[in-house]
Amino acid sequence: MMRRWAFVVVMVLFAAGCGGPAGTDGSLVDDWSAQAEPKVFVPAAQTCHPTNAADSTSSMTLYNPVVCDKSHASETFHVGQFGGANASGSKPPAADSPAARVAWGECDTKASEYVGAPWRSGRLYVTVLLPTDAAWAGGARWFRCDLTETSDLELRADVRRTASLRDAMKAGSPLAHGCYQPIMKGDDVDVMKPVDCGQAHRAEFVGVWAAPETPYADFEKNDERAHRGCLIAVASYAKVPFDGNMKYRAGTIFYYPTEYEWGWGDRGVKCFMWSDRDLKKSIKAAGPSGLPIR
C-alpha cells in the first residue's frame, strides 16, 4: 500500500524594494531540498507470519512479519511481480483470471525449489496473496507466495512452526507423505492415518498427476480419468508395466484441488496406491512381485 504525502508551501510576496527571504541571493528555492518519490510497499520474501492469511488479499495494515525461529503459522518464500498485460488492470487479478494463473504457476514452481522436493509430496499447501484494491491503485503489482504446514493429509489444521520450511522436504523429511492406513466412513475414506511402511497399511503416496485443462465441473465428475492418471503414477512408482493387468494389481485414492484452487490454476492431483489387503513394506520400485496381479 502506498501512503501519499502532501505539503503546502505558503509564499509571501513582498513589495518592490523590500527584502526577500533569507538566502545568499534572495531566491525562494535555494534552501528547499528535493522531495523523495513515494515508495510502494512490497512484502519481503523469506519471512514468517504469526497468522495465516484468511483470503487472497494481503493488507499492509495486517503485515507483521516475525523471524522464522519464533512461533508462526505461515512463511513467505517468494514475492513476484505482475508485468505486461497482467499488470494493466484497474484492480488486482481475479482468482480465475489468466494473470492469477501466471502468479500461481510461479509460486508452484518456486515452492518446490524452496522446500527441496515437490511440495505436494508433503503436508504443505501454498497460498497466493495479492495487494488490496487501494494498494493496486497506488502502483503495487506484486504477488506473495506463502507456505503452510498442515497437521494431516486432509488439511484440517495448520501447524505452528519455529523453523523455516527452506529445504524441509529433503530426503527423510517428517513432512513427506509415505504409507497410510485409511480409516473408512461408509464407502468413503474419512482419514488417512500415517503409519510406518513396515507396519500394516493399505495405501502409499506414489506421486502427483497433472490434470488436464478442463472446466472444474467436468473434472470433478470424471473420477475415472483421475483414477487412470493415478494408476499410471502407481505403475511408475512401483516399476510395474502399465497395461491391461494394472487394474488387478492396485486401486487408487486421490486428492484433487478445490474449485477455488482450480481457478488459480492448480492442477496437481495427489495419488496414492490402494490395496485390498494389508501390506508391510513399501511398493517403491518393488516390481511385479511386490505388486502382484490379484
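Is Cys-179 buried or exposed? Cys-179 counts as buried, because its relative accessibility is 3% and the cut-off for burial is under 20%. The model is predicted. Its chain has 294 residues, with 7 helices and 10 strands.

**Overall build**
- Of the 294 residues, 42% count as buried.
- Take the contacts between residues at least 6 apart in sequence. Of these, 66% join residues at least 24 apart.
- The chain exposes about 16,200 Å². Carbon and sulfur atoms supply 55% of that area.

- A search of the whole structure finds 4 disulfides.
- Count the bonded cysteines along the chain, and the pairing pattern reads 1-2, 3-4, 5-6, 7-8.
- Among the 4 disulfides are Cys-107 to Cys-145, Cys-179 to Cys-197 and Cys-230 to Cys-271.

**Cys-107 to Cys-145**
- The sulfur atoms of Cys-107 and Cys-145 are 1.9 Å apart.
- This pair links distant parts of the chain, 38 residues apart. Cys-107 sits in helix H1 (residues 98-115), and Cys-145 sits in strand S5 (residues 142-149).
- The torsion about the S-S bond of Cys-107 and Cys-145 is about -65°, so this disulfide is left-handed.
- Cys-107 is buried because its relative accessible area is 0%, under the 20% cut-off.
- Cys-145 also has 0% relative accessibility, so it counts as buried.

**Cys-179 to Cys-197**
- Cys-179 and Cys-197 form a disulfide with an S to S distance of 1.9 Å.
- The two cysteines are 18 residues apart and link distant parts of the chain. Cys-179 belongs to strand S6 (residues 179-185). Cys-197 lies in the loop between S7 and strand S8 (201-210).
- The torsion about the S-S bond of Cys-179 and Cys-197 is about 95°, so this disulfide is right-handed.

**Cys-230 to Cys-271**
- The sulfur atoms of Cys-230 and Cys-271 lie 2.0 Å apart.
- The link of Cys-230 and Cys-271 is left-handed, with -65° about the S-S bond.
- Both Cys-230 and Cys-271 are buried.

**Second largest pocket**
- Rolling a probe the size of a water molecule over the atoms shows where empty space is left.
- The second largest pocket has a volume of about 290 Å³.
- Its lining consists of Met-184, Asp-187, Asp-188, Val-189, Thr-252, Ile-253, Phe-254, Tyr-255 and Trp-274.
- Strands S7 (188-195) and S9 (251-255) each supply at least two residues of this lining.
- S9 gives the largest share of the lining, 4 residues.
- By class, the lining of the second largest pocket holds 6 nonpolar, 1 polar and 2 charged residues.
- Asp-187 and Asp-188 are lining residues of the charged class. Thr-252 is a lining residue of the polar class.

Terms used. Residues numbered from 1 in each chain as written. Predicted model: local features only at pLDDT ≥ 70, side-chain atom pairs only at ≥ 80, totals over all residues. Heavy atoms only, no water. Buried < 20%, exposed > 50% of the residue type's maximum accessible area, 1.4 Å probe, protein only. Contact = heavy atoms within 4.5 Å. Areas by Shrake-Rupley, 256 points an atom, 1.4 Å probe, with all protein chains shown as cover. 1 Å grid on protein atoms, 1.4 Å probe; cavity = no way out; pocket = protein on both sides within 12 Å on 5 of 7 lines; lining within 4 Å. Points joined across faces, edges and corners; volume = space filled by probe spheres on them. Disulfide = S-S within 2.5 Å.
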